[in-house]
Amino acid sequence: MTEKKEKTHKTIEQAEQEGKYIRKVRSFVKREGRLTKNQQRSIDDHWQDMGLNHSDGLIDSQVVFANANPVVLEIGFGMGKSLVEMAQAAPDTNFIGIEVHKPGVGACISSAIAAGVSNLKIFDHDAIDILADCIADGTLTTVQLFFPDPWHKKKHHKRRIVSAEFVETIRQKLKVGGVFHMATDWENYAECMLADMQSAQGYNNVSASNDYVPRPESRPLTKFENRGQRLGHGVWDLQFAKKA
């Protein structure tokens with residue numbers, strides 16, 4: 001009788017060296033759609049000026065933006081419309097956007113160029129890797145996470161990006177007094193976010209009622225959100241500041 005070989009790999013790296021594919025946990029599911037010609041052209045023509053590469057490692061925002069202005073990081077900006085609006089409305093603030101959806105990256109760059117925005121840079125890569133490898137501790141004024149994938153089925157809640165570990169990573173990247181701003185239109189996710197933040201060390205809730213805050217004017221109202229409000233759907237904003 002032929003003995004069966006044990007299928008064991010001590011690490012992901014060892015498995016990859018042996019040519020095995022191991023599924024890694026990521027902050028987002030990468031759904032690649034087809035780029036329009038304009039989106040592809042925007043990436044091709046303007047990535048050198050607007051793009052940031054994970055492979056370049058840790059960034060110095062004062063070098064990247066050629067100034068010492070505050071830095072706002074948005075994780076998962078979608079098609080980038082709101083991010084461009086925020087950057088346009090705050091020219092004395094630097095914005096970094098992270099998105100893994102290539103059409104969204106192209107659309108954001110296209111919108112930024114059309115609006116004459118020069119205080120915005122973009123990563124086309126997973127946020128977990130960017131936070132680990134490219135963003136120095138204590139450098140961000142604000143981290144924005146608006147309408148992340150809710151993974152609404154209970155069995156999928158473990159895939160949600162907001163977790164105790166993620167919350168601590170964000171705290172490390174913020175300056176003292178810096179704010180982690182989240183928004184969701186799923187009440188259950190809002191409750192989970194609030195619970196994670198209230199149990200986390202090193203944060204103060206900005207909310208006067210110790211739960212949610214009204215939508216700040218700095219966060220543009222999206223068409224989707226506006227339509228949801230007309231239908232009676234709720235949206236919950238949370239803001240927590242890093243303690244000294």
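**Close-up 1. The salt bridge between K81 and E85 in helix α4 of the predicted model.** The side chains of K81 and E85 meet in a salt bridge, with a separation of 2.6 Å from N to O. Because K81 and E85 are four residues apart in helix α4, about one helical turn separates them. An α-helix has 3.6 residues a turn, so residues three or four places apart point the same way. K81 counts as exposed, since its relative accessibility is 52%, while E85, with a relative accessible area of 32%, is partly exposed. The buried residues of helix α4, which covers residues 81-89, are S82, L83, V84, M86 and A87, and these pack against the strands β2, β3, β4 and β5 and against helix α5.

**Close-up 2. The salt bridge between K102 and D124.** In the salt bridge that K102 forms with D124, the closest N and O atoms are 2.5 Å apart. This pair links distant parts of the chain, with K102 in helix α5 and D124 in the loop between β4 and α6, 22 residues apart. K102 is partly exposed, with a relative accessible area of 27%, whereas D124 is buried, its relative accessible area being 17%.

**Close-up 3. The network of R219, E225 and D237.** R219 and D237 meet through their side chains in a salt bridge of 2.8 Å, N to O. Distant parts of the chain are linked by this pair, as R219 lies in the loop between β7 and α9 and D237 in strand β8, 18 residues apart. R219 is buried, with a relative accessible area of 1%, and D237 is likewise buried, with a relative accessible area of 2%. Salt bridges that share partners join R219, E225 and D237 into one network. At the start of helix α9, which covers residues 223-230, a side-chain oxygen of T222 reaches to within 2.9 Å of the backbone nitrogen of E225. Just after α9, G232 takes a positive phi of about 85°. The structure as a whole holds six salt bridges.

**Close-up 4. K242, a buried lysine without a salt bridge.** K242 is found in strand β8, which spans residues 236-242. Although K242 is buried, no salt bridge is found for this residue, and the nearest side chain of opposite charge, that of D137, is 7.5 Å away. The side chain of K242 does, however, reach the backbone oxygen of L174 at 2.8 Å. Not counting residues up to four places away in sequence, K242 touches a set of residues that includes R171, Q172, L174, G202 and Y203.

**Close-up 5. The surroundings of D137.** D137 lies in the loop between α6 and β5 and, at 49% relative accessibility, counts as partly exposed. Leaving aside neighbours within four places in sequence, D137 is in contact with Q172 and K173. D137 and Q172 are 35 residues apart in sequence, while their C-alpha atoms are 5.4 Å apart in space. The side chains of D137 and K173 are joined by a polar contact of 2.8 Å.

**Close-up 6. Q239 in strand β8.** Q239 counts as buried, because its relative accessibility is 15%, under the 20% limit that defines a buried residue. A polar contact of 3.5 Å joins the side chain of Q239 to that of H181. Leaving aside neighbours within four places in sequence, Q239 is in contact with residues including V179, F180, N204, V206 and P216. Helix α8, made of residues 187-199, lies across β6, β7 and β8 and runs at about 15° to β8.

**Close-up 7. Strand β4 within the open sheet.** Eight strands form an open sheet of mixed pairing, in the order β1-β4-β3-β2-β5-β6-β8-β7, and the edge strands, β1 and β7, each pair on one side only. Strand β4, residues 120-123, pairs with strand β3, residues 94-98, in the parallel sense over four bridges, and I96 stands opposite K121 in β4. The pairing of β1 and β4 is also in the parallel sense and runs over two bridges. I122 in β4 is the bridge partner of G51 and also the bridge partner of G97. Both faces of β4 are covered, with L120 and I122 on one side and K121 and F123 on the other, all of them buried.

Note on methods. Residues are numbered from 1 along each chain as its sequence is written. This is a predicted model: local features need pLDDT of at least 70, side-chain atom pairs count only at pLDDT 80 or more; totals for chains, interfaces and linings use all residues. Side-chain values use heavy atoms; hydrogens and water are left out. Buried means under 20% relative accessible area, exposed over 50%, partly exposed in between (1.4 Å probe, protein chains only). Lys and Arg count as positive and Asp and Glu as negative; His and the chain ends are not counted. A salt bridge is a side-chain nitrogen of Lys or Arg within 4 Å of a carboxyl oxygen of Asp or Glu. A polar contact is a pair of N or O atoms within 3.5 Å; within protein, one must be able to donate a hydrogen and the other to accept it, and residues adjacent in sequence count only if both atoms are side-chain atoms. Contact means heavy atoms within 4.5 Å. Two strands pair if DSSP finds at least two bridges between them. Axes are lines fitted to C-alpha atoms, for helices over the stretch in contact, and angles run from 0 to 180 degrees between N-to-C directions.
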